[in-house]
Amino acid sequence: MCKNYFDTNEYGLQFYRATGEGKKPFAVICPGGGYYMVSAHNEGVPFAKRLNALGYSAFVLRYRVGSKAKCPAPLDDLACAVRHIIENADEYNVKTTGYSVWGSSAGGHLAGLFSSERICKGVYNLPQPSAVILVYPVITMGAISHCDSVKNFLGENPTDEEIKAASIENNVNSNYPPTFLWNALDDDCVNPQNGEIMKNALERYGVEYEFLQFKTGGHGIGLGIGTECEPWFDRAVAFWQKEV
């Protein structure tokens, strides 16, 4: 991997292969960055390497951001990645079923929106993931969203209809995948009420979920090693494992 791989503003996919015999379940990881950058150094590569150590293969997505982030470009990139992996499963030595999608912050918005039945199956004709892992995610595009994420994804003056369609809570139905999500109450970047909004939507439609909300942790801490948030990763993997 070249030094500035994730600084390039175009679609790309970095593969992290699990060792051992047999085909492995795979995860597609969408780092955050407010749809302005792809923060793979703390919300991509470390997740992939940790998954490898646990016997899972992982792919870190480089999706279009900034001037190229307007919807549906990042969704197209994630769909392209999932399709490519499934079509080349033998080459990557991964299973074509039971995959998970992980996303942090704005990457959580991308992962969560893509995973809905309306988008994943309806727009891209792809199988929905077996589990969605959302790390201090942007959920709504409404009043308590992350302003820069909204601006980059929807433009300067989105319509009410565009805001509604791009808010994950409005895309949850009874066929939404099992979802693990967490955030911290002291998050001063993405309002932690985003987590409650998603929790309420999942409960409304009877979707299996696990929601962890820590007192401290802020935003952008990735694995959260040495903080009270640190258990989230193993809990997320256990949640996914139930669905594989």
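Me: In which helix is the place of Glu43?

Reply: In this predicted model, Glu43 has its place in helix 1.

Me: Why is Glu43 called buried?

Reply: The word buried is kept for residues under 20% relative accessible area, and Glu43 has a relative accessible area of 4%, so Glu43 is buried.

Me: What makes a residue count as a contact of Glu43, and which residues are they?

Reply: Contact means that heavy atoms lie within 4.5 Å, and, leaving aside neighbours within four places in sequence, Glu43 is in contact with Ile29, Pro31, Gly32, Ser104, Tyr136, Gly220 and Gly222. Ala184 is 141 residues apart from Glu43 along the chain, and the C-alpha atoms of these two residues are separated by 16 Å.

Me: How do you know whether Tyr35 is buried or exposed?

Reply: Its relative accessible area is 0%, and buried means under 20%, so Tyr35 is buried. Tyr35 lies in the loop between strand 2 (26-30) and helix 1 (40-43), and its phi is near 55 degrees, a positive value in a residue other than glycine.

Me: Why is Asn125 called exposed?

Reply: Exposed means over 50% relative accessible area, and Asn125 has 66%, so Asn125 is exposed. The place of Asn125 is in the loop between helix 6 (117-121) and strand 5 (131-135), and its phi, like that of a residue already discussed, is positive, with a value near 55 degrees.

Me: What makes helix 5 (residues 106-114) largely enclosed by the rest of the structure?

Reply: Nine of the nine residues of helix 5 are buried, so the helix is largely enclosed by the rest of the structure. Among these buried residues are His109, Leu110, Leu113 and Phe114, together with Gly107, Gly108 and Gly112.

Me: How do you know that the span of helix 3 (residues 73-87) agrees with its number of residues?

Reply: At 1.5 Å a residue, the 15 residues of helix 3 should span 21 Å, and because its end C-alpha atoms are 21 Å apart, the two values agree. The buried residues of helix 3 include Leu75, Leu78, Val82 and Ile85, and Asp77 is also one of them.

Me: What kind of peptide bond joins Cys71 and Pro72?

Reply: A cis peptide bond joins Cys71 and Pro72, with omega at about 10 degrees, and Pro72 is found in the loop between strand 3 (57-62) and helix 3.

Me: Why is Leu212 called buried?

Reply: The relative accessible area of Leu212 is 12%, and since the cut-off is under 20%, Leu212 is buried. Leu212 has its place in strand 7 (residues 209-214), and, not counting residues up to four places away in sequence, Leu212 touches Phe180, Leu181, Trp182, Asn183, Trp232 and Arg235. The C-alpha atoms of Leu212 and Val135 are separated by 9.9 Å, although these residues are 77 residues apart along the chain.

Me: How many helices and strands does the secondary structure of the chain come to, and what makes the chain as compact as a globular protein of its length?

Reply: The secondary structure comes to ten helices and seven strands. The radius of gyration is 16 Å, close to the 18 Å that the globule rule gives for 244 residues, so the chain is as compact as a globular protein of that length. Of these 244 residues, 56% count as buried, and among contacts between residues at least 6 apart in sequence, 76% join residues at least 24 apart.

Methods. Residues are numbered from 1 along each chain as its sequence is written. This is a predicted model: local features need pLDDT of at least 70, side-chain atom pairs count only at pLDDT 80 or more; totals for chains, interfaces and linings use all residues. Side-chain values use heavy atoms; hydrogens and water are left out. Helices (H or I, at least four residues) and strands (E, at least two) are DSSP runs, numbered from the N terminus. The radius of gyration is taken over C-alpha atoms; the globule rule is 2.2 Å times the number of residues to the power 0.38. Buried means under 20% relative accessible area, exposed over 50%, partly exposed in between (1.4 Å probe, protein chains only). The expected span of a helix is 1.5 Å times one less than its number of residues.
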